[in-house]
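Thank you for sending this entry for review.

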Amino acid sequence: MFQESNTLNTPVQVKAVPAARWKARKEGIDLSLVKGSGPRKIILPKDIEPYKVTISAVKQILIKEKVRVSTLARKLAEKEGISLEMIAGTGVRGRIMMADVMQALKPTIKKEKEGSAEDKEIFGTTIPMTQIRKVIAKRMAQSAFTAPHIYFFTDVEMDGLIQSREKIVEAFEKEFKVRISINDFLIKAVAITIREFPMLNAMVKDENIYVMPEINVGLAVAMKEGLIVPAIPQVDRLGLGRIAQMRADLVERAREGKLKLEEIERGTFTVSSLAQFDILFFTAILNPPQSGILSVGKTYDQLALKNGQVDTKKIARLGLSVDHRIVDGAVAAAFLQSLKNRLENPIFTFMQQSF
Amino acid sequence: MREITYAQAINEALAYNLENDERVFLMGEDIGKYGGIFQVTAGLLDQFGPERIIDTPISEAGFVGAAIGAAMTGLRPVVEIMFIDFTTCAMDMIFNQMAKIHYMFGGRGKVPMVLRINIGAGRGTAAQHSQSFHAFFIHIPGLMVVAPSNPYDAKGLMNTAILDENPVIFVEHKKLYATKGHVPEEYYTIPFGKADVKRKGKDITIVATHEMVNRSLRVAEEFAKEGIEIEIIDPRTLKPFDKELVLESVKKTGRLIVGDEGQVTCGVSAEISAIVAEEAVEYLQAPILRVGSPDTPVPFSPPLEQAYIPNEEDIREAVNKMKEYI
């Protein structure tokens, strides 16, 4: 009975003990995002605790984004214990109206359906944006339309880096309890390169350029609700061991929805990788107010002549988007060139870096 | 403090009331010369004589009916039915007379009597002398149902039962008769409707009755070694039932196991589970589990009978299952 009157649009198939369900309802937490630790993955009250952090973090961002909501709607939402972030507004300029809250309170019974039935259902329908989707939409549009983007691409020979990684990966895992990834080298190389090109760590502030004090590299992570970019702080000062550990932890917690506001907001430069897909390269929109974002395509084999013999080499195409208000083409090109050199000479690049 | 058995504790309460209240008398099969099948009334015939310690023929409906009449006219009978199994011979007396008279006479008639019965399997006495269907009596409005789990509670609750103006079903347990415990020599009463916390804990609540209390206490000690603290609540009277204390405990622990030797189907544990599900479901962090007898007659074969009785192993299994939710 409770499941049907659940106010959180939680799919009925989410398994949670009653105490967890009540708690989630009170705290305004979507149980479908929580990972259960009980038998058969049932959600226990303790599983909700860490999740509350991300909810409050998202809430804080949304406060800054100003949720538009009618007084009646807010009162109803508070009474029913439903969080406004989960509701899509249909009023003027996306204002959340009482009817929207009532709509959200209706039980949603998601049925397991075949693809075709699902398709029939979604085509020709209007899907209201959730607040989280709205934040992404607004920020991306703001970035695309206020920061003039210019794009640069270069091919990087990855053989040296891949071999270096293979040589150390086992010993590294023993020492740091985490498998080092190519991304970890990339993040480190980016941070060292930024030290050389501080404009890639800057933002437009009124009529000034503000060069941010720390080099915090963010990693774009795809979540169910949308993209989120947790950042590793002061990467230029960290060893690869610490970077790999922090990267693994942040990605895992991002997927579980357990990030803190600080971790989402501190980024000064972003790395976005689609290397797991057959995507050769892509252009990325800056994560405002940052001035640079690196896009990473798939590493693939390319034919090459080595000492007159036909051989293959591993190539990854890197893309760089910069805010032309701050960074000119020559600077961006020099940055990318420098990054390429570092990645192609991994021993020299990482030798000086204590693990 | 001195230690006496559960049977001796009840005997002491009966003797005190016989001594101090001339309205009190006992009836039952073999309770006089033989001292009762479990020796609960041993020695009372010599002390109080055959007018007050009455051996009856095998005629449950007859002597229960006689006691109801005596109670209505001002006496305080305490009747022993040899085994709970035999109450079925007197069900009309118990359910339709004893339980109803106070109501049907608009409160102007009353039946202040005690019906002593016993439950529990394990003596190799087969399907008609080993049952634990005390839940029947809770189901019928108009009866008090008492379930002592140790000698101290048995004496205090018997004293209260004899004082009570209502018909009381006093449910004893065969396995408990020989168990010893500290019992004060002086007279004392234990109020009906007040459960007792037999062990404090924060992780799991076990509501247990009769011998299940002692079995649970032993299992709780084992789990305490691995850091799981089990709270054990003994309702002591099943009607009235102290739901406040049980709810308070479940709200604290979020996890409930109910242990009662009757069948789980429509049993004491079913009722307690339902109360908690209705009134505290939002506190539950795990499914409610019941430990009780299976839905079969009590087997005569000793190995099967042992498998039938809900014991420490069954409680341990329930706790292990519930542990996964901590």
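1. The structure under review is a predicted model. All remarks that follow should be read on that basis.

2. Chain A contains 13 helices and 10 strands. Its length is 355 residues, and 32% of these count as buried. When contacts in chain A between residues at least 6 apart in sequence are considered, 63% join residues at least 24 apart.

3. The largest nonpolar core has 106 residues, and the members that touch the most others are Leu115(B), Val145(B), Val146(B), Ile169(B) and Ile257(B). Helix H1 of chain B, spanning residues 6–20, gives the most to this core, namely 7 residues.

4. If residues up to four places away in sequence are left aside, Ile169(B) touches Leu115(B), Ile117(B), Phe137(B), Leu143(B), Met144(B), Val145(B) and Val146(B). Apart from the core of 106 residues lies another, of 47 residues, which includes Leu200(A), Ile264(A), Val296(A) and Leu320(A).

5. In chain B, the axes of helix H9 (residues 243–253) and helix H10 (residues 268–280) come within 10 Å and cross at roughly 65 degrees. The crossing of H9(B) with H10(B) is right-handed.

6. Which residues form the contact of H9(B) with H10(B)? From H9(B) come Lys243(B), Val246(B), Leu247(B), Val250(B) and Lys251(B), which meet Ile272(B), Ile275(B), Val276(B), Glu279(B) and Ala280(B) of H10(B). Classified by type, this contact has 7 nonpolar and 3 charged residues, with no polar ones.

Terms used: Residues numbered from 1 in each chain as written. Chains lettered and ligands numbered in written order. Predicted model: local features only at pLDDT ≥ 70, side-chain atom pairs only at ≥ 80, totals over all residues. Helix = DSSP H or I, 4+ residues; strand = E, 2+ residues; numbered from the N terminus. Buried ≥ 20, exposed ≤ 12 C-beta atoms within 10 Å, placed from the backbone. Contact = placed C-beta atoms within 7 Å. Core = buried A, V, L, I, M, F, W, Y, C linked by C-beta atoms within 7 Å. Axes fitted to C-alpha atoms, helices over the stretch in contact; angles between N-to-C directions. Left-handed = near helix turned anticlockwise from the far one by under 90°. Nonpolar A, V, L, I, M, F, W, Y, C, P; charged D, E, K, R; others polar.
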